[in-house]
Amino acid sequence: MPVPRLFESAAEQAEHWAHTLACLLGLGGPETRAALLAELVGEELPGVGAATVRERRAVGAVEADVVVRDAERRWAVAIWSTLAFDTDVAAVVDGLLAGLGTQGRAIAVVVTPDRREPDAVAAARAAGAEVRHKSWLRVRDWVQERPERGKATGLDLVLLTEAEYFLTPRVAELYRLEALMPNLPEALRPTLATAFFDLNDLSPAPLIERTDRVAFPRTGEPKVELALIDGALRVSLATAAAGPGFAVDGDRTVTTITDAAQYTAARSHVRAAARALLPARL
């Protein structure tokens, strides 16, 4: 059956995080897959070892990051994730549950940075829907604990080690954005996460001042700067080379992002400029 590719590098940051989760479910052995799915769902499901795992699948009107289906059609689990805090997931929950169909149990799992479950998840569960919430922090904790608890070996140990290597530093950095995201409209919060991790991968642990400025590198010298101004994301580069949407501002070029499409258009330029401006990782 088709399975996730372990070393594939996804174009979008959120996809890369979800891909790591999909690899654990799609490539892990029966014990690891069953244990992880039980962690996400909150109970052990029958027939997990023979279940099919598909990455990035349409589930009705929603694209799920991972869909796991029981071979005997007793249950199906759709997992959707985001790197944005305080996201309204009501439409996502409804779409996942409706799209999974009526054969067996339909279970939706929403993975967000929030430590507390979203109100929409609590409301849907109170209404009888099978929906769960997990934080990226809890997913990271599970990955860290599993090798010791499960005594994983072979491919499972490789998968868990790689997942821990990927998630541990990034999850720590994700929670540094918790105070910043409320200052942006909900639609722009995933864009802030994408821009932040695009740059953080080049220059980790930048300087975060107050709740409105992120300067790369960590010394605070603003070679590259993200600023939250009047509900928009301002990207500033210490270069005269203008990219899509950028304008000259003294000895810098800047662009103001008010919707996700603007950053998508400017992303390649931002990453290339940052790679030239920021000190190489040691």
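This is a predicted model: local features need pLDDT of at least 70, side-chain atom pairs count only at pLDDT 80 or more; totals for chains, interfaces and linings use all residues.
**View 1. Overall dimensions and contacts of the chain.** A compact globule with 282 residues would have a radius of gyration near 19 Å, and the value of 20 Å for the chain therefore agrees with that expectation. Taken along the principal axes, the box filled by the C-alpha atoms is roughly 65 × 40 × 30 Å. Among the contacts in the chain with a separation of 6 or more, 55% are accounted for by residues 24 or more positions apart.

View 2. The secondary structure of the chain comes to eight helices and 11 strands, and five strands form an open sheet of mixed pairing in the order β1-β2-β3-β4-β5. Strands β1 (52–59) and β5 (131–135) stand at the edges of this sheet, and because each has a single partner strand, one side of each is left without a neighbour in the sheet. On average, and with direction ignored, neighbouring strands of this sheet are turned by 25° against each other.

**View 3. Pairing of strands β3 and β4.** Strand β3, which covers residues 75–81, pairs with strand β4, residues 105–112, in the parallel sense, and the pairing runs over seven bridges. Within the β4 strand, Ala 106 is the bridge partner of Ala 76.

Definitions and conventions
Residues are numbered from 1 along each chain as its sequence is written. Side-chain values use heavy atoms; hydrogens and water are left out. Two strands pair if DSSP finds at least two bridges between them. Helices (H or I, at least four residues) and strands (E, at least two) are DSSP runs, numbered from the N terminus. Axes are lines fitted to C-alpha atoms, for helices over the stretch in contact, and angles run from 0 to 180 degrees between N-to-C directions. The radius of gyration is taken over C-alpha atoms; the globule rule is 2.2 Å times the number of residues to the power 0.38. Contact means heavy atoms within 4.5 Å.
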